[in-house]
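Please read the following note alongside the sequence and the model.

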Amino acid sequence: MTTPHDAARFAHAAAGTPTTADTSRVVLVTGASGYLGRAIAAAVAAPGTYVVCHYRSDLAGAEKAVAAVEERGGTATLVQADLTDRDAPRALLEACPATPDVLVANAGTTADGLSMMMSDESFDLVVDANLSASFRCARAVLRPMLRARSGRIVFVGSVAGLLGNAGQANYSAAKAGLGGLARALAREVAARGITVNVVAPGVLDGGLAGAPATAAGIDTTVGLDALAAAIPARRRGRAEEVAAAVAFLAGPDASYITGATLAVDGGLSMGC
Amino acid sequence: MTDAEYLAGLAEIVNEITGISADAVTPDVRFTDDLDVDSLSMVEIALAAEEKFGVRIPDSDLVKLKTPGDAVAFIKQAGVPA
């Protein structure tokens with residue numbers, strides 16, 4: 001007998017896409033279309049791994065993620081959703097051919113600006129898209145993971161959450177929030193073989209750190225440049241370097257790591 | 001399915017998830033107060049019962065199921081015809 005969720009899943013599988021051989025490991029990556037998301041999809045890809053690549057609007061980017069997965073012998077599918085939509089997690093789960101083994105909550109956004117001029121909308125949007133959406137995705141995968149008594153959840157945080165970044169009060173708050181969220185979730189499910197961790201990228205050479213400030217007329221790249229000047233490694237990071245850490249925490253070797261925050265930032269936040 | 005069969009099925013689930021002996025799962029014993037079943041285990045038990053009996057147990061109903069008797073009654077009335 002099946003639950004309605006199973007029925008949806010089996011209908012998807014019956015539509016002809018994946019075979020059992022392709023789905024020995026199912027990894028769901030949100031924001032797979034972005035600079036870091038594509039690298040994560042590639043890093044977790046392997047023969048026998050099925051990567052569900054979520055995107056909001058960047059279809060071209062998402063297709064690059066799929067191509068990267070397939071190049072590495074994995075199988076991939078796309079799922080479009082706006083994660084601020086309360087129904088999005090259900091759509092993500094329905095795109096999975098079987099219970100997800102891994103959730104990488106990587107999708108995020110910025111809306112930079114000086115705090116004293118930051119609107120409620122800017123603050124709320126960034127917290128919703130980065131923190132609340134990650135919570136909703138995690139909540140959705142926890143049930144099937146609980147039933148399977150196994151799972152990996154990795155939240156993509158940021159050095160901004162550890163150190164704070166001028167012009168990014170909303171982003172810093174949301175990313176710092178992922179740490180508390182990860183630890184609370186980790187405590188709830190640790191005894192069930194499910195780990196929940198945070199990877200905190202530093203200043204990267206592309207993606208959100210490479211994009212100019214979105215707030216009108218306010219140059220917040222000053223904050224980022226100042227941060228970058230303080231990096232002990234004296235260079236920005238590459239997406240692959242962060243993705244490797246995500247892939248490790250998402251894998252079987254990280255079975256005794258939970259509630260941890262792993263900064264991949266060239267030493268920027270060490271000691272925090 | 002008879003009440004006794006539902007209860008036996010539920011007892012098997014409780015035993016599998018918590019290690020509590022199936023004999024201890026009687027209609028009027030309380031999950032939390034008497035059997036010491038924590039909230040996460042209750043969710044696991046509900047998920048397993050959903051699969052085994054082909055029903056949906058919404059969270060808002062789960063919190064009201066204090067005893068195995070409550071659970072059996074809920075599962076019976078929620079059951080879809082086979």
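**Note on the two-chain model**

1. Helix α2 of chain B is followed by B:G54, whose phi is positive, near 65°. Helices here are DSSP runs of H or I with at least four residues, strands are runs of E with at least two, and both are numbered from the N terminus. The structure is a predicted model, in which local features need pLDDT of at least 70, side-chain atom pairs count only at pLDDT 80 or more, and totals for chains, interfaces and linings use all residues. Residues are numbered from 1 along each chain as its sequence is written, while chains are lettered from A and ligands numbered from 1 in the order in which they are written.

2. The length of α2(B) (residues 39–53) agrees with expectation, because its 15 residues at 1.5 Å a residue should span 21 Å and its end C-alpha atoms are 21 Å apart. The expected span is 1.5 Å times one less than the number of residues. Buried residues in α2(B) are B:S41, B:M42, B:E44, B:I45, B:A46, B:A49, B:E50 and B:F53. A residue is termed buried if 20 or more other C-beta atoms lie within 10 Å of its own, exposed if 12 or fewer, and partly exposed in between, with C-beta atoms placed from the backbone. The cover over these buried residues includes α5 of chain A, together with α1 (3–18), α3 (59–62) and α4 (68–78) of chain B.

3. The contact takes seven residues from chain A and eight residues from chain B. On the side of chain A that touches chain B, helix α5 (residues 120–148) gives the most, with three residues. By class, that side of chain A has three nonpolar, one polar and three charged residues. Contact requires C-beta atoms, placed from the backbone, to lie within 7 Å. For the classes, Ala, Val, Leu, Ile, Met, Phe, Trp, Tyr, Cys and Pro count as nonpolar, Asp, Glu, Lys and Arg as charged, and the others, Gly among them, as polar.

4. Chain A has nine helices and seven strands. Of its 272 residues, 49% are buried. Among contacts in chain A between residues at least 6 apart in sequence, 77% join residues at least 24 apart.

5. Helix α2 (residues 35–44) of chain A packs against helix α9 (residues 239–249) of chain A at an angle of about 50°, with the axes 8 Å apart. The two are therefore oblique; angles under 35 degrees count as roughly parallel, over 145 as roughly antiparallel, 65 to 115 as roughly perpendicular and the rest as oblique. Axes are lines fitted to C-alpha atoms, for helices over the stretch in contact, and angles run from 0 to 180 degrees between N-to-C directions. The crossing of α2(A) and α9(A) is right-handed. By class, their contact has 13 nonpolar, no polar and one charged residues.

6. Nine of the 10 residues of α2(A) are buried, so the helix is mostly covered. Among them are A:L36, A:G37, A:R38 and A:V44.

7. In chain B, α1(B) and α4(B) pack at an angle of about 115°, with their axes 10 Å apart. This makes α1(B) roughly perpendicular to α4(B). On the α1(B) side, B:D3, B:Y6, B:L7 and B:L10 meet B:P68, B:A71, B:V72, B:I75 and B:K76 of α4(B). The residues of this contact divide into seven nonpolar, no polar and two charged.

8. Which residues other than glycine have a positive phi? A:R149 has one, near 55°, and B:D36 has another, of about 65°. A:R149 is found in the loop between α5 and β5 (151–156) of chain A and is partly exposed, with 13 other C-beta atoms within 10 Å. B:D36 lies in the loop between α1 and α2 of chain B and counts as exposed, with 11 C-beta neighbours inside 10 Å.

9. B:D38 is also found in the loop between α1 and α2 of chain B. B:D38 is exposed, with 12 other C-beta atoms within 10 Å. Between B:D38 and B:D28, 10 residues apart in sequence, the C-alpha to C-alpha distance is 17 Å.

10. A:R86 is placed in the loop between β3 (75–80) and α4 (88–94) of chain A. With 10 C-beta neighbours inside 10 Å, A:R86 counts as exposed. A:R86 and A:A133 are 47 residues apart along the chain, and their C-alpha atoms are separated by 8.4 Å.

Methods
Contact = placed C-beta atoms within 7 Å. Left-handed = near helix turned anticlockwise from the far one by under 90°.
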